[in-house]
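Subject: Handover of a structure

Dear colleague,

Please find the structure below, together with its sequence.

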Amino acid sequence: MSDRAGDLVASAFLVALGAATCAGAWRLGLGDVHTPGPGFMPFTAAALLGTMALVQLVRLAVASRDHAAARRPFAQSRWSVIAIVLVLGTIAGFGAALDTLGFALSTFFMLFVLFGVVARKRWFIALAVALLIAVVARVGFHALGLELPTGPLGI
């Protein structure tokens, strides 16, 4: 199976998954703006996923073969597999460390690795951006009254 055919199949699968999840979430009840029901968040996430997958599916169907191949930056790179494994490992590590380290520290370490290693930003830029995003997210979630794991340092 070619890369393009694989992308078409993956996009079609995600459109179907998004539609099925939207249908299931609709049955749970969406509620309204002031009192969202149990299906509101799954419906919203599935609708976004399905819409993005549908746009990608249409783009792949319309694009010529040469144009589609030229738009894949990692198509010929052996580093793409390593980058994918690193990103998935970082996200899994974030989930595993969330209860132990707390939201702010886990977010900081995850973003530092993603910016510094995967995106190849300079270490001080990766450090500053990861710190800024973690602090802004923590302050913003606190202002909204959302409870997040605090970790050993209480942040």
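Does Thr107 count as buried or exposed, and at what relative accessibility? Thr107 counts as buried because its relative accessibility is 7%, and the cut-off for a buried residue is under 20%. Please bear in mind throughout that this is a predicted model.

Thr107 is placed in helix α5, which covers residues 103-118. Leaving aside residues up to four places away in sequence, Thr107 touches Phe94 and Ala134.

The chain holds 155 residues, and buried residues make up 19% of them. Of the contacts between residues at least 6 apart in sequence, 52% join residues at least 24 apart. The chain exposes about 10900 Å², and 72% of this area is supplied by carbon and sulfur atoms.

Helix α1 spans residues 3-28, 26 residues in total. From its first C-alpha to its last, α1 reaches 37 Å, which is close to the 38 Å expected at 1.5 Å a residue. Its buried residues are Arg4, Ser11, Gly18, Cys22 and Ala25. In general, an α-helix has 3.6 residues a turn, so residues three or four places apart point the same way. After α1 comes Gly29, with a positive phi near 105 degrees.

Cys22, one of the buried residues of α1, may also be set against a residue of the next helix to be described. Met41 is found in helix α2, residues 40-62. Although 19 residues separate Met41 and Cys22 in sequence, their C-alpha atoms are 10.0 Å apart in space. Met41 counts as exposed because its relative accessibility is 57%, where the cut-off is over 50%.

Finally, there is the surface to consider. Which residues make the nonpolar surface patch of about 530 Å²? The patch is made by Trp123, Phe124, Ile125, Leu127, Val129 and Ile133. Ile133 lies in helix α6, which runs over residues 123-143. With a relative accessibility of 35%, Ile133 counts as partly exposed, since this value falls between the cut-offs for buried and exposed residues.

Yours sincerely,

A colleague

Key. Residues numbered from 1 in each chain as written. Predicted model: local features only at pLDDT ≥ 70, side-chain atom pairs only at ≥ 80, totals over all residues. Heavy atoms only, no water. Patch = residues over 30% accessible without salt bridge, like charges linked within 9 Å, V, L, I, M, F, W, Y side chains within 5 Å. Areas by Shrake-Rupley, 256 points an atom, 1.4 Å probe, with all protein chains shown as cover. Salt bridge = Lys/Arg side-chain N within 4 Å of Asp/Glu carboxyl O. Helix = DSSP H or I, 4+ residues; strand = E, 2+ residues; numbered from the N terminus. Buried < 20%, exposed > 50% of the residue type's maximum accessible area, 1.4 Å probe, protein only. Expected span 1.5 Å × (residues − 1). Contact = heavy atoms within 4.5 Å.
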